[in-house]
Amino acid sequence: MGVKILVIEDNRQNRYLITYLLEHKGYKVLQAVNGIAGIRLSIDERPDLILLDIQLPDMDGYAVAETLTADPTTSNIPIVAVTSYAMVGDREQALSAGCRGYIEKPIDPENFASQIESFLPGNTDTDKGVS
Ligand code: MN
C-alpha cells in the first residue's frame, strides 16, 4: 500500500473525476493544476506514478515530461499522458517526450483504474517505509 499518484491536470472536472476514481481504489492522490506546480510536487513527493494532462496553462505536458525525465530525481517515475488531443502523432509525441503510455479523454470511469495500474511499478509489495 501507500501508492502515491500525482495528477497534473488544470481542468477541475477531470481532476475531481480522476482523483475520485483513484482514491476509490485506495491510492493516495496528489494534485497539481499546472506544469510548474507538477514538477515541484514530483521532486518533493516522488510519486509512484504521474498522470499528465497535455494542455496546461503554463507549459504543455510534453515540456513537463521532458523536464521530469531529464532530472535524475524524477527520471524513473512513470508518466502517463492523459489527453483529449486526438490528432495523429500525439501518442508518438507523448512517448518521445518520455511518457510511458497514453490514455485518451474522455476518461472511462469503468476502466480508468485498471488502465493506469499497468503503469505502476511492479513491486508495490515492497514497503519503502513511506507513509
Ligand atoms: Mn488541460
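Which exposed residues does the face of H2 turned away from its buried side carry? I looked up Arg40 and Asp44 there; exposed is over 50% relative accessible area, buried under 20%, partly exposed in between (1.4 Å probe, protein chains only).

Basis. I worked on a predicted model, where local features need pLDDT of at least 70, side-chain atom pairs count only at pLDDT 80 or more, and totals for chains, interfaces and linings use all residues. Residues are numbered from 1 along each chain as its sequence is written, and side-chain values use heavy atoms, with hydrogens and water left out.

Helix H2. I took helices (H or I, at least four residues) and strands (E, at least two) as DSSP runs, numbered from the N terminus. In H2 (residues 35-45) I found Gly35, Gly38, Ile39 and Ser42 buried. These buried residues fall within an arc of 100 degrees seen down the axis, so they line one face of the helix; the arc is that of the directions from the helix axis to the C-beta atoms. Their cover includes S1, S2, S3 and H3. Just after H2, I noted a positive phi of about 45 degrees at Arg46.

Core. I then looked up the largest nonpolar core, which has 21 residues; such a core is a set of buried Ala, Val, Leu, Ile, Met, Phe, Trp, Tyr and Cys residues joined through side-chain atoms within 4.5 Å. H3 gives the most to this core, with 4 residues. For Val64 I listed contacts (heavy atoms within 4.5 Å). Leaving aside neighbours within four places in sequence, Val64 touches Ile8, Gly35, Ile39, Leu52, Leu56 and Met59. A second, separate core of 17 residues includes Ile18, Ile103, Ile116 and Leu120.
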